[in-house]
Amino acid sequence: MLMFSLLKTLQGGEPLIVELKNDLRVQGVLLSVDQFLNIKLDNISVLDEERYPHMAAVRNCFIRGSVIRYVQLPKNAVDTQLLEDATRRESSKAK
């Protein structure tokens, strides 16, 4: 739930990069995220257009959470203190 909460705070904000399990990397603005970490991106651009030319015309997309390998967040958009506190709370609940 920690990642879900973090991504919810980034909706409609700065661009983020999503790398899929098939090595496709997409940069775009996060429109929405759900509890399964399915995400919708707007104003997307593919970072390797030579390899994926068919994606050049796509402007928004829905990405299923199970095909996501990495999500690269902008450094200035992450509140590290809030993230550390939430991690500590989850860790103490597990004990």
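Strand S1 and strand S5 (residues 68-72) pair in the antiparallel sense, and four bridges join them; strands are DSSP runs of E with at least two residues, helices are runs of H or I with at least four, and both are numbered from the N terminus, while two strands count as paired if DSSP finds at least two bridges between them. This is a predicted model, in which local features need pLDDT of at least 70 and side-chain atom pairs count only at pLDDT 80 or more, whereas totals for chains, interfaces and linings use all residues. Residues are numbered from 1 along each chain as its sequence is written, and side-chain values use heavy atoms, with hydrogens and water left out.

**The sheet**

- The five strands form an open sheet in the order S4-S3-S2-S1-S5, with antiparallel pairing.
- Strand S4 (60-63) and S5 stand at the edges with a single partner strand each, so one side of each is left without a neighbour in the sheet.
- From one strand to the next the twist averages 40°, where axes are lines fitted to C-alpha atoms (for helices over the stretch in contact) and angles run from 0 to 180 degrees between N-to-C directions.
- S2 pairs with strand S3 (residues 39-46) over six bridges in the antiparallel sense, and Val33 stands opposite Ile39 in S3.

- Strand S1 (residues 15-20) is mostly covered, since five of its six residues are buried; buried means under 20% relative accessible area, exposed over 50%, and partly exposed in between, with a 1.4 Å probe and protein chains only.
- S1 runs antiparallel to strand S2 (residues 25-33), to which five bridges join it, and Pro15 stands opposite Val29 in S2.
- S1 and S2 form a hairpin with four residues between them, and in the turn Asp23 has a positive phi of about 75°.

**Salt bridges**

- The structure holds four salt bridges, a salt bridge being a side-chain nitrogen of Lys or Arg within 4 Å of a carboxyl oxygen of Asp or Glu.
- Glu19, Asp23, Arg51 and Arg69 are linked in a network of such bridges.
- Arg69 forms a salt bridge with Glu19, with the closest N and O atoms 2.9 Å apart; Arg69 lies in strand S5 and Glu19 in strand S1, so the pair ties together parts that are 50 residues apart in sequence.
- Arg69 also forms a salt bridge with Asp23, with the closest N and O atoms 2.7 Å apart; Asp23 lies in the loop between S1 and S2, so this pair ties together parts that are 46 residues apart in sequence.
- Within these two pairs, Glu19 is buried at a relative accessible area of 13%, whereas Arg69 counts as partly exposed at 34% relative accessibility, and Asp23 counts as partly exposed at 36%.
- In helix H2, the side chains of Arg88 and Asp85 meet in a salt bridge of 3.1 Å, N to O; the two residues are three apart in H2 and are therefore separated by about one helical turn.
- Arg88 is exposed, with a relative accessible area of 51%, while Asp85 counts as partly exposed at 28% relative accessibility.

- In helix H1 (residues 2-9), Phe4, Leu6 and Leu7 are buried; they cover an arc of only 165° around the axis, which puts them on the same side of H1, the arc being that of the directions from the helix axis to the C-beta atoms.
- The buried residues of H1 pack against S2, S5 and helix H2 (80-94), contact meaning heavy atoms within 4.5 Å.
- The largest nonpolar core has 19 residues, of which Val18, Leu24, Leu30, Ile39, Leu41 and Ile63 touch the most other members; such a core is a set of buried Ala, Val, Leu, Ile, Met, Phe, Trp, Tyr and Cys residues joined through side-chain atoms within 4.5 Å.
- The elements that give two or more residues to this core are H1, S1, S2, S3 and S4, and S3 gives the most, with four residues.
- Leaving aside its neighbours within four places in sequence, Leu30 is in contact with Leu7, Leu10, Gln11, Gly12, Leu16, Ile39, Lys40 and Leu41.
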